[in-house]
Amino acid sequence: MKYIDEFRDGELAQSIARAIKAEADPASTYHIMEFCGGHTHAISRYGLEDLLPANVRMIHGPGCPVCVLPIGRIDAAIWLARQPGVILCTYGDMLRVPGSKRLSLLKAKAEGADVRMVYSTMDAIKLAQSNPDRQVVFFAIGFETTTPPTAVAIKQAQALELKNFSVFCNHVLTPSAITQILDSPEVRELGTVKLDAFIGPAHVSTIIGSRPYEYFAEEYQRPVVIAGFEPLDVMQAVRMLVRQINEGRFEVENEFARAVTRDGNEKAKSLVADMFELRRVFEWRGLGMVPYSALRLKEPYAAWDAERRWDVPQDNPGDNKACECGAILRGVKKPIDCKLFGTICTPENPMGSCMVSAEGACAAHWTYGRFRDLEKSE
Amino acid sequence: MCLALPALVTELLPEDSAKVNLGGVTKTVSLALVSDVKPGDYVIVHVGYALSVIDPEEAARTLELFREMGEMAPEALA
Ligand code: SF4
């Protein structure tokens with residue numbers, strides 16, 4: 001397929017790997033965090049870690065929106081789904097995420113709540129149109145990529161004068177999360193890993209552009225390379241970062257110029273700016289309370305805000321003690337460090353959020369990595 | 001849930017939408033977030049919306065960079 005297969009060429013991946021080996025200084029170590037779950041997925045699926053020299057290590061960051069949503073927000077969505085007359089709809093990945101007491105939206109559905117899966121916010125609008133006597137709540141989650149589609153749906157609801165549509169907004173912002181990883185009190189508790197450089201988000205950057213990372217690179221003196229999600233993109237980004245580290249530079253470079261510009265998608269950005277405002281603070285699973293890291297609807301759009309329409313509970317029951325998601329999302333631990341990994345916790349029966357979506361570090365390692373562990377131990 | 005693939009725009013439809021082909025599968029997506037898309041363009045589609053249009057020249061440049069490295073590899077890096 002065009003723009004896919006060419007970026008998956010195994011021989012070229014080998015030659016980029018050889019270039020990385022030649023450029024990496026054997027006397028130093030390079031710790032590179034990929035922020036996006038899409039990169040984590042590509043790294044596991046194509047075994048990219050095996051191509052890299054031992055002193056170049058990939059650290060999996062928190063970049064999967066399903067994985068970073070705290071349990072309290074899942075409980076709140078389940079609470080909403082159980083309100084009389086409500087149809088709660090959301091993207092498929094959200095349905096299986098366990099909330100507290102291991103209850104998920106899927107289980108709530110089995111117990112009688114009306115929970116539906118949608119592929120797109122357009123489906124959510126259709127659902128509201130065809131169920132005028134019910135309240136349709138869209139459980140909105142995701143980074144900057146899914147926020148503009150939520151905004152389009154609200155615009156549509158406004159144009160159609162839909163009185164039975166609202167959004168439970170959980171949209172979060174990536175640059176503030178990256179900052180938090182380097183700069184938070186929890187680092188002292190959980191310990192921290194050395195982070196020399198970041199692979200910046202692919203699709204998030206199609207919307208926000210590469211510019212927001214410039215401040216970050218400058219302030220924290222860490223290089224950032226925005227990279228696509230195909231294996232060659234990831235390998236090339238590693239090579240560009242190794243080079244920046246060697247040269248003592250900390251710039252934002254764009255490997256994904258075929259889809260990302262410095263300024264991003266102006267149309268989408270202005271739609272989001274018009275409709276959403278920053279929350280003063282929002283909780284991320286694994287990162288704790290992150291200031292100015294999430295969005296809510298502005299006052300003129302209050303009519304479409306589920307949190308204003310219902311008194312949504314704001315508790316946070318905290319994670320299952322045995323689940324190591326928090327440490328994994330910070331790059332401090334690996335999935336195999338979790339006692340539940342692969343025994344009690346599998347993609348069919350996830351205990352924590354990292355096991356739910358294909359981009360979660362635990363699910364990616366379960367699907368593609370564990371056979372390599374076996375080979376290594378033999 | 002962030003995985004999204006480039007899809008070929010095959011036909012423009014009313015109400016800011018388009019038919020796209022994603023590795024042989026036809027889908028209808030919204031063009032509400034992009035401008036100036038025409039049939040033959042490749043767009044990155046996520047949750048039913050085109051998020052950006054692929055720039056073929058930049059794509060060719062990136063591939064060229066990989067290829068140069070491939071040619072360089074045997075003698076310089078063996
Ligand atoms: S294996 Fe399961 S329980 Fe352990 S950290 Fe991963 S998601 Fe959590």
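Q: How do strand 3 and strand 4 of chain A pair?
A: Strand 3 (residues 86–90) of chain A pairs with strand 4 of chain A in the parallel sense, over 4 bridges. Strands (E, at least two residues) and helices (H or I, at least four) are DSSP runs, numbered from the N terminus. Two strands pair if DSSP finds at least two bridges between them.

Q: What kind of model is this?
A: This is a predicted model, where local features need pLDDT of at least 70 and side-chain atom pairs count only at pLDDT 80 or more, while totals for chains, interfaces and linings use all residues. Residues are numbered from 1 along each chain as its sequence is written, chains are lettered from A and ligands numbered from 1 in the order in which they are written, and side-chain values use heavy atoms, leaving out hydrogens and water.

Q: Back to the strands. Which order does the open sheet of 4 strands have?
A: The order is 4-3-5-6 in chain A, with parallel pairing. Strand 4 (114–117) and strand 6 (165–171) of chain A are the edge strands, each pairing on one side only. On average, neighbouring strands of this sheet are turned by 25° against each other, direction ignored.

Q: What packs on it?
A: Helix 7 (residues 121–130) of chain A does, touching strand 3, strand 4, strand 5 (135–142) and strand 6 of chain A. The direction of helix 7 makes about 170° with that of strand 5 of chain A. Helix 8 (residues 147–159) of chain A also packs on the sheet, where it touches strand 5 and strand 6 of chain A, at about 160° to the direction of strand 6. Axes are lines fitted to C-alpha atoms, for helices over the stretch in contact, and angles run from 0 to 180 degrees between N-to-C directions. Contact means heavy atoms within 4.5 Å.

Q: New topic: which residues of helix 12 of chain A are buried?
A: In helix 12 (residues 212–220) of chain A they are Tyr213(A), Phe216(A), Ala217(A) and Tyr220(A). Buried means under 20% relative accessible area, exposed over 50%, and partly exposed in between (1.4 Å probe, protein chains only).

Q: Why are they on the same side of helix 12?
A: Because they cover an arc of only 95° around the axis of helix 12 of chain A. The arc is that of the directions from the helix axis to the C-beta atoms.

Q: And the other side?
A: There, Tyr215(A) and Glu218(A) are exposed.

Q: What do the buried residues of helix 12 of chain A pack against?
A: In chain A, they pack against helix 9 (174–182), strand 7 (197–200), helix 11 (203–208), strand 8 (224–226) and strand 9 (252–254). Just after helix 12 of chain A, Gln221(A) has a positive phi of about 50°.

Q: Where is Ala364(A) found?
A: Ala364(A) is part of helix 17 (residues 361–377) of chain A. Its relative accessible area is 0%, so Ala364(A) is buried. Neighbours within four places in sequence aside, Ala364(A) has contacts with Thr40(A), Ser44(A), Ala358(A) and Gly369(A).

Q: How many helices and strands are there in chain A?
A: Chain A has 17 helices and 13 strands. Of its 378 residues, 60% count as buried.

Q: What about the secondary structure of chain B?
A: Chain B has 1 helix and 5 strands, running β-β-β-β-β-α from the N terminus on. Of the 78 residues in chain B, 46% are buried.
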